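Here is a short briefing on one protein model.

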Amino acid sequence: MDILGSIMSSMDKPPSTVTEEEKRQRNARKQQMEKWKLQENKRIQTFKTKIKARIEDFMKDPKAEKLKLEPMEKVDRALVREITDDAGLTAFAFGQDEVDRHLIIWKRESAPGDDELAVLRRGEEWTEEKGEIIKAKREQMEAERNRKVNHKGPPVKTDYRAKYTHLISQEVGKSGAQDVAANSQYGNVKVENKKDRRTIEETLAERKAKKMKQSEEPSLATPTPSAAQSSSNHMPAKS
């Protein structure tokens, strides 16, 4: 053991704030929780065994289309759903939670439609007569909806010039507008409205002439070497 370990082991531990009674109660709660877990696991296994047996009998009966189970807790309903999914069945929940919430299991080929589910969720029994009534009401509502759509007529066209005539009269608008005719050479602007009326060829020719004139004129700021030499030769010699 190193020096730090010997020092730490020789130090007094902080005093415990938990009494013996509290330790006893904590251990009792822990043992009770473990016992409850064992009982719950055993109950779940027994419940799953019974449900599987009922579902197997239901699947073997060719005349049975659905199996209504008794109200049960949410945990048990989740277990039933797992079993029905593995068996290829369909299950729906009905009733109120913590009151009479229960599951009804159907075979896939006889699973209920939306209308039947709506009737069952209202707490009513499903019959073929109710199905025909619901179907007739749906067709009637669809026909009424189509009739309203067909009788709307074509969309109303809006004349914006007539709409804003009270703001700007037609005479003012006509007098303020300019008669600008389209021109294929200068776009959509009249020749009279342009400040520069030269053609493109004239403009290019004028620019070229300016460049040639600038290149021919000698530079006054920086004289050429030949000019500087000639000027030095004509200077009088100093005595």
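The protein has nine helices and three strands. Helices (H or I, at least four residues) and strands (E, at least two) are DSSP runs, numbered from the N terminus. Along the sequence the pattern reads α-α-β-α-β-β-α-α-α-α-α-α.

This is a predicted model: local features need pLDDT of at least 70, side-chain atom pairs count only at pLDDT 80 or more, and totals for chains, interfaces and linings use all residues. Residues are numbered from 1 along each chain as its sequence is written, and side-chain values use heavy atoms, with hydrogens and water left out.

**Burial**
- Of the 239 residues, 14% are buried (under 20% relative accessible area, 1.4 Å probe, protein chains only).
- β3 is mostly covered, with six of its six residues buried.
- One side of β3 carries H102, I104 and W106, and the other L103, I105 and K107.

**Strand pairing**
- Two strands pair if DSSP finds at least two bridges between them.
- β1 and β3 run antiparallel, joined by three bridges.
- K68 has I104 in β3 as its bridge partner.
- Strand β2 (residues 89-94) also runs antiparallel to β3, through six bridges.
- Opposite T90 stands W106 in β3.

**Contacts**
- Among contacts (heavy atoms within 4.5 Å) with a separation of 6 or more, 40% are between residues 24 or more positions apart.

Definitions and conventions: Buried means under 20% relative accessible area, exposed over 50%, partly exposed in between (1.4 Å probe, protein chains only).
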